[in-house]
Amino acid sequence: MGRVAAYLTQIQAVADTEIRKLRHDPGELYTRALQPLIWLLLFGEVMAQVKGLNSSGGSYLEFLAPGILAQSVLFAAIFYGIAAIWERDLGVLHRYMVSPAPRSTLVLGKAISSGVRGLTQAIVVYALAFLLGIKLSFSPVDIFGVAALICIGSALFSTFSLIIACIVKTRERFMGIGQVLTMPIFFASNAIYPIDIMPRWLHVISSLNPLTYEVDGLRNLMLADGTSKYGLWLDFGVLFAVTAVLVAIAARMYPRLTQ
């Protein structure tokens, strides 16, 4: 039990350090709040006029809101690795590396702090969706489930981002690769259109995309009349499994960032 407690304490220490950075510089949260606003007000209102985009029978804005929440979390998390490169350049990462803490605690601590950032995006999207008249579920169980999905999804993509940072090692390359990867992940999912209208090849890719399962779970829990195509057990299971694999890979690769 002592080792477990020490392990959790080390994770909490890393996460707390990252969250403190957010409190000292909240400007990023304000700028990222504009993104869901643009997608819901401009893209959502226009595409709502296109028939067939929502096969569930509700309004397109209801269909879109969970997808935009997942997109906001993805976009914030996928560039998390650039912070690790900054830490290396500033010498902070070297101090982490010489500490006796297991490398997995560093990765998990950063993943948790990324989840906190994702929750701030959820507050923005919920507020916008409410003002737009979208029927949301405010059941405590559903809100807890949404928060859990956001934290897991954010941890998944931020850890993926750290792996990319360990491979490319420079900010310039990271920015280019991050932009190349973000849009395919987003568009090859069910975030802005249902899987049923996709061509067969894209349908297969979407079924392998973790973002698809995050969006599916959010549609079930976030909306008052939400449904899940795959089932919440599969949604959570896929996200947990992929996150666990990525954390294991990132923990092994993280020291390479300093080389």
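The legends below accompany several close-up views of a predicted model, in which local features need pLDDT of at least 70, side-chain atom pairs count only at pLDDT 80 or more, and totals for chains, interfaces and linings use all residues. Residues are numbered from 1 along each chain as its sequence is written, and side-chain values use heavy atoms, with hydrogens and water left out.

**View 1. The protein as a whole has 12 helices and 0 strands.** Helices here are DSSP runs of H or I with at least four residues, strands are runs of E with at least two, and both are numbered from the N terminus. Of the 259 residues, 49% count as buried, a term that stands for under 20% relative accessible area with a 1.4 Å probe, protein chains only. The protein exposes about 12400 Å², of which carbon and sulfur atoms supply 69%, as computed by the Shrake-Rupley method with a 1.4 Å probe.

**View 2. The largest nonpolar core holds 56 residues.** Such a core is a set of buried Ala, Val, Leu, Ile, Met, Phe, Trp, Tyr and Cys residues joined through side-chain atoms within 4.5 Å. Among the members that touch the most others are Leu-69, Leu-74, Phe-186 and Ile-192. Helices supplying at least two residues each include α3 (34-47), α4 (60-78) and α9 (171-187), and the largest share, 13 residues, comes from α4. A second, separate core of 6 residues includes Ile-82, Ile-85, Ile-164 and Ala-165.

**View 3. Ile-192 and residues that it touches.** Leaving aside residues up to four places away in sequence, Ile-192 touches Trp-39, Phe-43, Tyr-60, Phe-63, Leu-64, Phe-186, Phe-187 and Arg-219, where contact means heavy atoms within 4.5 Å.

**View 4. The crossing of α7 and α8 is right-handed.** The axes of these helices come within 7 Å and cross at roughly 130°, which makes α7 oblique to α8. Axes are lines fitted to C-alpha atoms, for helices over the stretch in contact, and angles run from 0 to 180 degrees between N-to-C directions; angles under 35 degrees count as roughly parallel, over 145 as roughly antiparallel, 65 to 115 as roughly perpendicular and the rest as oblique. A crossing is right-handed if the near helix is turned clockwise from the far one by less than a right angle, and left-handed if anticlockwise. Residues meeting here include Gly-115 and Gly-118 in α7, and Ser-154 and Ala-155 in α8.

**View 5. The crossing of α11 and α12 is left-handed.** The axes of α11 and α12 come within 9 Å and cross at roughly 140°, and the two helices are therefore oblique to each other.

How values were computed
Buried means under 20% relative accessible area, exposed over 50%, partly exposed in between (1.4 Å probe, protein chains only).
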